Amino acid sequence: MTNAFAPQPYEEFEDDLDLDLGPPPGAGATPDTRRQPAQVIGPNEPVPAPLPAAPPPFNPVGELVAGAATALTPVGAQVAVSVPRIAIHIFAERQDTLAAAERAGQDRRLSRATTQVRLGGVAAAVETYGHEPTPPLIVVECLAGAQDLLNEIDHLAQVCDQGTKVVVIGPTNDILLYRELMRRGVSEYLVAPIQPLQLIAAIGGLFNDPAQPFVGRSIAFVGARGGAGASAVAHNTAYAMSERIGANTVIVDYDLPFGTAGLDFNQDPLNGVADALGQPERLDQTLLDRMMVRCTDRLSLFAAPATLDGDWDIAPEAFEEVTTRIRQTAPFVVLDLPHLWSGWMRRTLIAADEVVVVATPDLASLRNAKNMMDLIRQGRPNDAPPRLVLNQVGVPGRPEIPAKDFGAALGVHPSLTIPFEPKVFGAAANNGQMILDAAARSKSAEAFQTLAQIVSRREIAAAPSARKSGGKSLFGKLFKR
């Protein structure tokens, strides 16, 4: 059997060169919710058939870590992880490594891979591959000292097929050990204890293509019920991102029969989204530019046809492919999702980089928002929870659930509350304007600018007139008003 990596004679370490080295993390993901769940297998147990995925336990600490990692990721520096449909075998020794690996295997970023988690470390891997071929990626944990770890890796190399990538989890952060493992052909070295996102980043880094096109962030807006105003919130937030923050943004209206993006921006609805979904394999930069309507210098629109001529029975894979192609055109892609439930809706929500649930302060919205958030949390165990926006707050004479109680029932704090201003919204809709243009001094306009900063993680850019007068920002002027 051909070795995956040729063992080399071990050279003794020098005490005066003991330095710390942490391998650089990877980033991003290309999702597919039709994933196989991670399987935990004992050291001497046969590999079972795939079982239905069990919902991962709610982990508030993990969500805090995921939220912090998201907040620290530079916007525009994302690279999508494209892990192919391969088998990944993980051999752990520590119980916390076992739990982290199982949680990573259920993550959306590894959804196309089939992950199996076993106990026993390197010894179990050597025994397993003595009588079966190796998968494309093996992750092994060894808590022994440096010399014993290298000896075990040499034994593993004897049973590995050529081309197999190996990630080692060890006990010490030692640069000499790291270099020796790299010299032996190991692909990556991690220091225990590991976190799920750390393992995901390491695996993603092994399969990233440096020539892969830029991929922007996708932000999905969905209403907890019909009439919650999710489309209006999505469009106004996208407009604020493009005009106040200065980021190139694309709006994708996936409500094919009833989409309102064309009306809201006073544009003739083209069959942009419908044409793209009908031929996703032919999409390139030139074709995408022809299908999009440019509303402003920084805002483009993929409008829905808004007709009932067809049944719009489209495969879920087409929505995924079109979204991926559009994300290559701008730093931010706002997905305006309809209020319906289907396979492609589920996959789109779970695959989005950020999800915003728009609800009104009533019981039906509370029930539906809780169902959505529970499902999204289960499908995204290592991501921050969806954001909650309460819309149409303060309708005269209507009993409402207080924002504090609404958020407490869902386990999240509302990111924003948008007041009920029917005249402002009605006039803007009838004139094909955004709130920032129709009523720049209204509370709703300030709310949309705030939400744009939250979802984009950027500050509002200073207006040209403000820079001339001493660098005061437009955001500061709004507060003075």
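The model is predicted, so local features need pLDDT of at least 70 and side-chain atom pairs count only at pLDDT 80 or more, while totals for chains, interfaces and linings use all residues. Residues are numbered from 1 along each chain as its sequence is written, and side-chain values use heavy atoms, leaving out hydrogens and water.

Let's start inside. A nonpolar core here is a set of buried Ala, Val, Leu, Ile, Met, Phe, Trp, Tyr and Cys residues joined through side-chain atoms within 4.5 Å; buried means under 20% relative accessible area, exposed over 50%, and partly exposed in between (1.4 Å probe, protein chains only). The largest such core has 44 residues, and Val-252, Tyr-254, Leu-277, Phe-302 and Leu-337 have the most contacts inside it. Helix H13 (residues 363-379) gives the most to this core, 6 residues. Helices (H or I, at least four residues) and strands (E, at least two) are DSSP runs numbered from the N terminus. Apart from that core lies another, of 38 residues, with Met-241 and Ala-452 among them.

Now zoom in on Tyr-254. Leaving aside residues up to four places away in sequence, its contacts (heavy atoms within 4.5 Å) include Leu-277, Phe-319, Leu-337 and Trp-344.

On to the backbone. Ala-192 and Pro-193 are joined by a cis peptide bond, with omega about 0 degrees; Pro-193 sits in the loop between strand E6 (188-191) and helix H6 (196-207). Ala-306, in the loop between strand E10 (299-302) and helix H11 (316-326), has a positive phi near 55 degrees despite not being glycine. Ala-306 is partly exposed, at 34% relative accessibility. Gln-392 also has a positive phi near 55 degrees, but its place is in strand E13 (residues 387-393).
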